[in-house]
Amino acid sequence: MQSNAKRGIVQKYFEANLLLKILAGLILGAVCGIIFQDAKDAIVILKPFGDVFIRLLKMIIVPIVMASLIVGCSSISPSDLGRVGAKVLIFYILTSFLAIIVGLAVGLILEPGAGLHITGSGDVAGKAANAPSMSSILVNLFPTNPFEAIAKGEILQIITFSLFFGVALSFLKDSKDERLSKLGNLIYDVFDGINHIMFYIIRWIMEYAPFGVFALIFIVFSQQGVKAFGPLLGVTVSVYIGFAAQIFVVYFLICLIVKINPFKFLKKVRSPMLTAFVTRSSGGTLPISMKTAEEDMGIPKQIYGFALPVGATVNMNGTIIYLGICAMFIANAVGVELDSGAKMTIILTAVLAAVGTAGVPGAGAIMLLMVLESVGLKVEGGSAVAAAYALILGIDAILDMGRTSMNVTGDMLGALVVAKNEKKLDESKWAD
């Protein structure tokens, strides 16, 4: 009977909503940490549980980035990379850079995390962000040995190599030589399989997340007390202000430039935005996005059929804003000042990392891990950076809803702008 009862409890745990479980871990960790102030014995016991969680996340960074990028790039047929494809990709790259500028600007103005002064357990402090010069950043994008880059976890170099590999694989798949085409599809299937395997591993890690979050948050609140609540609310507000700025400044300005009523656009895109907000999945929102593009916006299928699926893979404006603001929050929380070189590194890493963001809940938090490490903010077990990162992870689901909605909105605008520019937009859908 006891064995059946235990199996029932375990089954109910796995069937429960992941968002609620992580939030429960956050709340329980905070409450217990406040009750047991500076409980050194409890910190020693719980620290390994938090450290294991951090190590599990770091374990999957390289394989998931490589597999996602290679599959995403090689899924695009070279024949589609013509005039329309180029316009779509240029639009996505432009809005991605504008998004990270918005994120960093909001972070600089609002300074989320300032004054928090997080210290790690065991007197392990966050390291200074000693970023290289801008010219070094650009040169170091290209690895001299991709296997060495993989072994050392050089994320920017891994991303660059994966992009080259993915595009080359796309051409191999599209080859008129039957043997080469067959080889290309075989290699694609291998990486696609790895991609799906990583999705399983991510789900398993996220099932452990509530325990890891509890341990990490307990340590933070045991040391910091109730004063940690203010910065947590501050970073949430900052991220959503960044989302609002992207819509009402960047997207509205783009609409005005191409002579589209921005308020009509916002009204028409409401259904995909809400669907993405609830589901937290750009890929899962695609059917709604495509239906809206054709029936409500008058975008032809040959444009939205390319722009929206590609956008769901490579256009992550919401994720980029999140990465910029949260990186600033963590740097402020551990007392590290980011210089201009570090900010440029954040811009490049965030834009490139967002291309490889997998379409599963929690992937944005993994990309944040990459951005932090790219500027020297190492997420090591027991460090101040790990403690600050745990705070973000605890509210990541709340932030994920907004950033996914932003991602989908940017995809819809990209398809609309290209259709308008190509003079293929059904203008009757936009008539007063």
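Let's start with helix H3 (residues 40-59): its 20 residues reach 28 Å from the first C-alpha to the last, close to the 28 Å expected at 1.5 Å a residue. The expected span here is 1.5 Å times one less than the number of residues in the helix. This is a predicted model, in which local features need pLDDT of at least 70 and side-chain atom pairs count only at pLDDT 80 or more, while totals for chains, interfaces and linings use all residues. Residues are numbered from 1 along each chain as its sequence is written, and side-chain values use heavy atoms, leaving out hydrogens and water.

**The whole chain**

- The chain has 19 helices and 0 strands; both are DSSP runs numbered from the N terminus, with helices being H or I of at least four residues and strands being E of at least two.
- Of the 432 residues in the chain, 53% are buried (buried means under 20% relative accessible area, exposed over 50%, and partly exposed in between, with a 1.4 Å probe and protein chains only).
- Among contacts with a separation of 6 or more, 84% come from residues 24 or more positions apart (contact means heavy atoms within 4.5 Å).

- How many residues of helix H18 (residues 384-394) are buried? The count is 11 of its 11 residues, and among them are Tyr389, Leu391 and Gly394.

**Salt bridges**

- A search of the whole structure finds 6 salt bridges (a side-chain nitrogen of Lys or Arg within 4 Å of a carboxyl oxygen of Asp or Glu).
- Glu207 pairs with Lys21, and their closest N and O atoms are 2.5 Å apart. This pair links distant parts of the chain, with Glu207 in helix H9 (residues 178-224) and Lys21 in helix H2 (residues 18-35), 186 residues apart. Both Glu207 and Lys21 are buried.
- Lys87 and Glu422 meet in a salt bridge at 2.4 Å, N to O. They too link distant parts of the chain: Lys87 is in helix H5 (residues 83-110) and Glu422 is in the segment after helix H19 (396-421), 335 residues apart. Lys87 counts as partly exposed because its relative accessibility is 26%, whereas Glu422 is buried, with a relative accessible area of 11%.
- Glu295 and Lys291 form another salt bridge, with the closest N and O atoms 3.1 Å apart. Both lie in helix H13 (residues 282-295), 4 residues apart, or about one turn of the helix. Glu295 is partly exposed at 42% relative accessible area, and Lys291 is partly exposed at 49%.

**A nonpolar patch on the surface**

- Which residues form the nonpolar patch? They are Ile109, Leu110, Leu233, Val237 and Ile241, with about 480 Å² of accessible area together.
- Patches are made of residues with over 30% relative accessible area and no salt bridge; like charges are joined within 9 Å, and nonpolar side chains (Val, Leu, Ile, Met, Phe, Trp, Tyr) within 5 Å.
- H5 and helix H10 (229-257) each supply at least two residues of the patch, and H10 gives the most, with 3 residues.
- Ile241 lies in helix H10, and its 39% relative accessibility is why Ile241 counts as partly exposed.

Definitions and conventions
Accessible areas come from the Shrake-Rupley method with a 1.4 Å probe; for residues, only the protein chains shown count as cover.
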